[in-house]
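Please read the points below alongside the structure.

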Amino acid sequence: MLSNAFRPASQDIALVDPPPDSISRIKFSPTSNLLAVASWDNAVRLYQVDQQGQSMMQGKLSHNAPVLDVTWTENGSHLCAAGCDNMATLYDAQTGTPQQVAQHDAPIKCVEFVNAKGTNVLATAGWDNKLKYWDIRQGQTPAMTIDLGDRAYSMDATKELMVVATANRRLKIIYPDERPEMIFKDVESPLKWQTRVVSCFPTGHTYAVGSIEGRVAIQYPKEIDDKKNYSFKCHRYDIPSGSMPGTPAVFNTATSQNSQNVFAVNTITFHKVHGTFCTGGSDGSITFWDGIGRTKVKAFTLKELNNGDSDARPPQWGTPVVSTAFNHNQEIFAYALSYDWAKGHGGAPPPGQNPTKVMLHSVKPDEVRKKDKLGR
Amino acid sequence: MGKKKRTQVFVLKPWCWYCEREFEDEKVLLQHQKSKHFKCQMCPRKLNTAGGLMVHSQQVHKCEPEPLTNTLPGRDGYDIEIFGMEGIPTNALAEWRARKEAEAGTAALAATANGKRIRHSYNVIPEADLIAALAQHKALMAARNNPGSVFPPFPGSFPIGIPPPNPTLNRFPGEMPMPPPTLPTGMPPSMYPPPPGFQPPMAQNGISGVAPPPTFVPQSNEATKVLTTSDVVVEPPKDGVMWPDVTASPAEKRAQQARYRYQSPPPGSAESAESFEAASRKRKAAADFL
């Protein structure tokens with residue numbers, strides 16, 4: 001097995017035939033090593049991968065419009081993709097047979113399968129300020145519609161907890177197995193800037209919020225006292241000012257210039273066994289954290305990922321990490337690199353140049369395991 | 001009277017061969033080398049020398065060691081045994097000494113030219129200054145090319161990071177065909193937004209500054225139809241934050257681009273099959289037209 005052999009992250013293997021445009025979401029099947037890659041070129045691609053980093057494109061599912069999110073059913077037989085064509089489509093993972101299952105009035109940003117009071121339903125949230133539940137066997141009418149009050153940006157669900165992040169820094173907390181029809185809590189984000197991503201701990205009682213301003217907050221929605229809630233900074237780089245490498249600049253009050261380059265936290269993904277999570281930034285680096293122990297487990301810098309160099313002058317930022325995923329046995333870690341529109345149209349890569357990549361990393365236990373008190 | 005002798009003794013500070021960083025003290029240098037260059041990638045162990053790290057990797061982890069970390073290019077090898085300042089190749093040492101002496105020499109020359117002693121020697125111009133100077137220059141050139149334009153140069157208005165080469169940067173209020181979609185529809189045409197380089201002083205107060213009121217118009221079919229690619233304005237980085245726009249996410253802005261926009265089927269025909277047909281008919285018509 002490859003995880004015993006030593007292979008640094010700089011030698012991670014790229015997926016063959018990556019999409020020609022940016023990736024919006026990647027997700028592994030919960031039962032096999034089938035990776036679904038949703039992209040802005042109106043398609044979902046399915047790749048069969050293995051531990052050695054070998055990959056093979058198994059199918060391409062075409063949409064009418066850019067695909068913004070993709071998710072799998074629990075048994076891995078079907079996957080559901082949604083995007084700018086305002087609808088969600090269910091595909092058979094083997095045959096690729098499409099079936100429209102959901103409809104919104106605006107692009108659908110998030111899709112997720114949720115266990116609502118014991119029945120498995122599809123939850124979709126879109127930029128029409130709506131969260132809808134669909135019974136996929138029933139078809140075209142939503143089982144339930146909830147008004148979110150703002151455009152949905154990110155959503156994640158476990159068996160007990162579901163969190164929807166919307167524009168204007170609102171977070172909606174829903175307990176799908178108790179009251180799926182009700183927003184249990186509507187809170188303002190603990191972070192001061194736009195929410196980019198929200199992700200629930202596998203334990204289901206905690207969630208993590210990432211913002212565009214290089215910060216992650218860990219929230220315990222059921223705790224009475226909020227002392228356990230905290231946030232931390234990440235994906236930031238000091239802007240060197242002095243002559244010596246590595247000297248940080250001081251805050252310049254005259255020009256009110258900040259001393260750091262601050263990048264968005266694009267993705268938070270949990271390791272289902274160890275409960276650690278990784279953040280992927282717009283800078284192009286990935287860091288693994290222990291959210292309970294409040295420690296950094298492993299950092300993959302730009303250099304280590306072979307994706308730019310933050311120490312160079314001027315710094316060469318890598319291709320943003322837009323989505324990350326663990327496979328079903330948590331042994332393969334896939335991360336998608338592509339342009340995340342942070343610089344608008346002008347920052348898009350010129351035609352003919354495609355920075356989009358999906359890298360496959362063989363997970364070493366040290367990278368994802370919580371450290372004990374000795375730091376080992 | 002009390003004029004100091006200018007011929008001061010030139011002292012070479014301890015420095016790290018791997019990353020060319022200078023230190024005040026040899027002890028600090030040793031600490032630095034241990035933690036930055038001779039740290040094992042697979043366990044928390046730190047070794048004293050490159051050779052020690054190699055032996056450690058081979059004996060403990062049973063694998064060939066990875067190249068040394070955090071080094072300058074080409075200096076990540078295990079062949080040279082360096083401990084602090086000991087073991088540095090003589091030619092590299094001589095080169096470094098010559099460089100430092102030259103720097104000290106030029107600094108002294110500059111000091112005599114200015115008539116006073118300088119306190120720091122900067123061998124690299126800070127990036128922030130460079131970027132500010134570039135922005136100022138760009139604004140100046142733009143103003144010169146368009147003497148009638150109203151917007152003055154804004155020195156240092158791109159705070160940090162490289163401003164994106166946005167095509168809308170070079171546009172001026174008078175040429176704007178229609179207000180960008182981020183404006184409320186009722187806005188009078190005289191209230192065009194300031195050029196993208198401009199930032200209201202309030203918003204510069206950092207993260208804690210009050211966010212401007214949301215002006216993003218949620219997308220309806222009517223709104224998306226009138227947009228063109230260049231109408232979608234993305235703000236340049238502000239306070240180092242790469243996406244300072246509080247009203248919409250990058251994905252939303254991106255979805256407004258012409259090439260990503262989806263024309264929804266006409267009301268009444270919700271069937272996807274019909275929309276497929278409609279799309280193919282449209283394509284055919286366009287092809288005939290060409």
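1. In this predicted model, the buried residues of α2(B) pack against α1 (26-37) of chain B. Those buried residues are A50(B), G51(B), L53(B), H56(B) and S57(B). Helix α2 of chain B runs over residues 50-61 and spans 16 Å from first to last C-alpha, close to the 16 Å expected at 1.5 Å a residue. K62(B) follows α2(B) and has a positive phi, near 55°.

2. The structure holds 24 salt bridges over all chains. One of them joins R45(A) to D41(A), with the closest N and O atoms 3.0 Å apart. R45(A) is buried, because its relative accessible area of 6% is under 20%.

3. R236(A) and E213(A) form a salt bridge at 2.9 Å, N to O. R236(A) is in strand β22 (residues 236-238) of chain A and E213(A) in the loop between β19 and β20 of chain A, so the pair ties together parts 23 residues apart in sequence. Both count as buried: R236(A) at 16% relative accessibility and E213(A) at 2%.

4. A further salt bridge pairs R170(A) with D186(A) at 3.3 Å, N to O. R170(A) is in strand β16 and D186(A) in strand β17 of chain A, 16 residues apart. R170(A) is partly exposed at 26% relative accessible area, and D186(A) is partly exposed at 38%.

5. The structure holds 0 disulfides over all chains. C84(A) is buried at 5% relative accessibility, and C200(A) is buried at 3%.

6. Over residues 265-290 chain A is 62% strand and 0% helix, with the end C-alpha atoms 16 Å apart.

Note on methods: Residues are numbered from 1 along each chain as its sequence is written. Chains are lettered from A and ligands numbered from 1 in the order in which they are written. This is a predicted model: local features need pLDDT of at least 70, side-chain atom pairs count only at pLDDT 80 or more; totals for chains, interfaces and linings use all residues. Side-chain values use heavy atoms; hydrogens and water are left out. Helices (H or I, at least four residues) and strands (E, at least two) are DSSP runs, numbered from the N terminus. A disulfide is a pair of cysteine sulfur atoms within 2.5 Å. Buried means under 20% relative accessible area, exposed over 50%, partly exposed in between (1.4 Å probe, protein chains only). The expected span of a helix is 1.5 Å times one less than its number of residues. Contact means heavy atoms within 4.5 Å. A salt bridge is a side-chain nitrogen of Lys or Arg within 4 Å of a carboxyl oxygen of Asp or Glu.
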